[in-house]
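Have a look at the model first.

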Amino acid sequence: MVTFFLERTVPLPRAETWRRLTEWPRHGDVVPLTRVTVETPGPTGVGTVFVARTGVGPLAFDDRMEVVAWHPPTEGIAGFCRLEKRGRVVTGWAEIEVGVGPGGRSRVVWREELGFRFLPRVVDPVTLRVARYVFGRAVNRLLRMQ
């Protein structure tokens, strides 16, 4: 299991930053070989379940997630979302926070604990490097997409 942290400051209003990060199917547009399917009816809130399927054919795995905390940003209060990973292969959690940044910008904090049930701990350093790269790139792309 690895834990990592990403932080970004973007010239967007908090509501728009939140929208760009929490429209779950968009994550499939920015993560290679991944498709995201929301399994519960909208709008997103506590109890929303979605699955990110990554890979090709028989070499694919599911990252099943459930929203367990959902507080969109409001005037003066940062937005906060917590996802619990509920899959058979991928374990952990993710937290997304969207608050006020310098100069009226939005400040994004992404925290994640990520593990793969069948991988030994010896590969954690590689998992950490790959996760930081993939998720960092995904967050950057999500924030740039309209």
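## The largest pocket

The largest pocket has a volume of about 590 Å³. A pocket here is an open set of points on a 1 Å grid over the protein atoms alone, where a 1.4 Å probe fits and protein lies on both sides within 12 Å along at least five of seven lines; lining residues have an atom within 4 Å of a point. The volume is the space filled by probe spheres set on the points, which are joined across faces, edges and corners. Of the 28 lining residues, Val31, Thr54, Asp63, Val134 and Phe135 sit closest to the pocket's centre.

Helix 3 gives the largest share of the lining, seven residues. Helices (H or I, at least four residues) and strands (E, at least two) are DSSP runs, numbered from the N terminus.

## Where the model comes from

This is a predicted model: local features need pLDDT of at least 70, side-chain atom pairs count only at pLDDT 80 or more, and totals for chains, interfaces and linings use all residues. Residues are numbered from 1 along each chain as its sequence is written, and side-chain values use heavy atoms, with hydrogens and water left out.

## Aromatic pairs

Searching the whole structure turns up five aromatic pairs (Phe, Tyr or Trp rings, the six-membered one for Trp, with centres within 6.5 Å; planes under 30 degrees apart are stacked, over 60 edge-to-face, the rest tilted). Tryptophan 18 and tryptophan 70 make a tilted pair, because their ring centres are 4.9 Å apart and their planes at 55 degrees.

Ring pairs also link Phe4, Trp110 and Phe135 into a cluster.
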